[in-house]
Amino acid sequence: MSKDTVVLAPCVSFVLNSDVSKPPRHIAIIMDGNGRWARERGLPRIKGHEQGAHSVRAVTEACAELGVKFLTVYAFSTENWKRPREEIGALMALLEQFIAQELPGLMENNIRLQAIGRLADLPNNCQRALTNAIETTAGNTALTLILALSYSGRSEIIDAVRTLCCEAVAGRLDPEKVDAARFSAALYTRDFPDPDLLIRTSGEMRLSNFLLWQLSYTEIYVTEKLWPDFGKDDLRDAIAAYHKRERRFGGV
Ligand code: IPE
Ligand code: IPE
Ligand code: MG
């Protein structure tokens, strides 16, 4: 490698990030604050989740318009199964309804639906709706919308470790060959790039078990806005903040 290349390489990564004509390739969102949004209005928590579904639609449309290629939304964590049975039931009903309602719009806007998580934990009707929407939208190419459902970073890592251990025990994998690339290929997210930008709404400064491996070098943006109040302009603000960041990836 010539001396010039060494000097140029870090500049290139900075210029790419600050180029406002280029949106982040992959945005991940911890959609938080639905319950507080409802409580502020004296409404039951599910009303906040219903309103939150409108934000998912608005933000998905905005991502497609802006040229974002991947959008991952944290919709239900493995820990969320600890919530009251009525809230879980209402959330699952909302999920099934959301998928059915959004399918025509996803097709119209060339959006592919994908899901990550322990999907077998979901009620059968949700699994069926999800599988149908994933298959129907499989050929779409503009934006990939990834729903994280019954998802947690730790369970994803455990599932990947189990997969690799089984491969090794079966004699198909040399443990010495396990590196970051091989490990990434065993994760639910194997087909997607790591997120460039993580947005968390409602002001909480934690990851809550989201994409623990994949967020290693992701830019983090936290807003006080509650998820049901988060719209297209808020997404633009988050992307503008991202464009001011200098990503160094451990370099100089
Ligand atoms: C996020 O909103 C949605 C889910 C976790 C399903 P919350 O339901 O966590 O809302 P808050 O945090 O109680 O306000
Ligand atoms: C994270 O929000 C999970 C989702 C947004 C689906 P939580 O509300 O469950 O997280 P904590 O409990 O505040 O950490
Ligand atoms: Mg919450």
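Tutor: Let us begin with a term. A pocket is an open set of grid points with protein on both sides within 12 Å along at least five of seven lines, and its lining residues have an atom within 4 Å of a point. Please note that this model is predicted.

Student: How many residues line the largest pocket, and which lie nearest its centre?

Tutor: The general idea is that rolling a probe the size of a water molecule over the atoms shows where empty space is left. In this structure, 33 residues line the largest pocket, and Met31, Asn34, Tyr74, Ala75 and Asn80 lie nearest its centre. The space in this pocket amounts to about 730 Å³. At least two lining residues come from each of α2 (34–40), α3 (45–66), β2 (70–77), α4 and β4 (143–151). By class, the lining holds 16 nonpolar, 8 polar and 9 charged residues.

Student: What is the volume of the largest cavity, and which residues line the largest cavity?

Tutor: The largest cavity has a volume of about 30 Å³. Its lining consists of Phe98, Ile99, Glu102, Leu106, Leu113, Leu145 and Leu147. Two or more of these residues are given by each of α4 and β4, and α4 supplies the largest share, 4 residues. Of the lining residues of the largest cavity, 6 are nonpolar, none is polar and 1 is charged.

Student: How should I read the packing of α4 and α5?

Tutor: Two packed helices are described by the angle between their axes and the distance between the axes. Here, helix α4 (residues 85–108) and helix α5 (residues 124–136) pack at about 15 degrees, with their axes 9 Å apart. The two helices α4 and α5 are therefore roughly parallel to each other, since angles under 35 degrees count as such. Their crossing is left-handed. On the α4 side, the contact includes Met92, Leu95 and Ile99, which meet residues of α5, among them Cys126, Ala129 and Leu130. This contact has 9 nonpolar, 3 polar and 1 charged residues.

Student: At what angle do the axes of α3 and α8 cross?

Tutor: The axes of α3 and helix α8 (residues 232–243) cross at roughly 50 degrees and come within 9 Å. Helices α3 and α8 are therefore oblique to each other, and their crossing is right-handed. Among the residues in contact are Ala58, Val59 and Glu61 of α3, together with Lys232, Leu235, Arg236 and Ile239 of α8. By class, this contact of α3 with α8 comprises 7 nonpolar, no polar and 4 charged residues.

Definitions and conventions. Residues are numbered from 1 along each chain as its sequence is written. Chains are lettered from A and ligands numbered from 1 in the order in which they are written. This is a predicted model: local features need pLDDT of at least 70, side-chain atom pairs count only at pLDDT 80 or more; totals for chains, interfaces and linings use all residues. Side-chain values use heavy atoms; hydrogens and water are left out. Axes are lines fitted to C-alpha atoms, for helices over the stretch in contact, and angles run from 0 to 180 degrees between N-to-C directions. Angles under 35 degrees count as roughly parallel, over 145 as roughly antiparallel, 65 to 115 as roughly perpendicular and the rest as oblique. A crossing is left-handed if the near helix is turned anticlockwise from the far one by less than a right angle, and right-handed if clockwise. Contact means heavy atoms within 4.5 Å. Ala, Val, Leu, Ile, Met, Phe, Trp, Tyr, Cys and Pro count as nonpolar, Asp, Glu, Lys and Arg as charged, and the others, Gly among them, as polar. On a 1 Å grid over the protein atoms alone, a cavity is a set of points where a 1.4 Å probe fits but cannot get out, and a pocket is an open set with protein on both sides within 12 Å along at least five of seven lines; lining residues have an atom within 4 Å of a point. Grid points are joined across faces, edges and corners, and a volume is the space filled by probe spheres set on the points.
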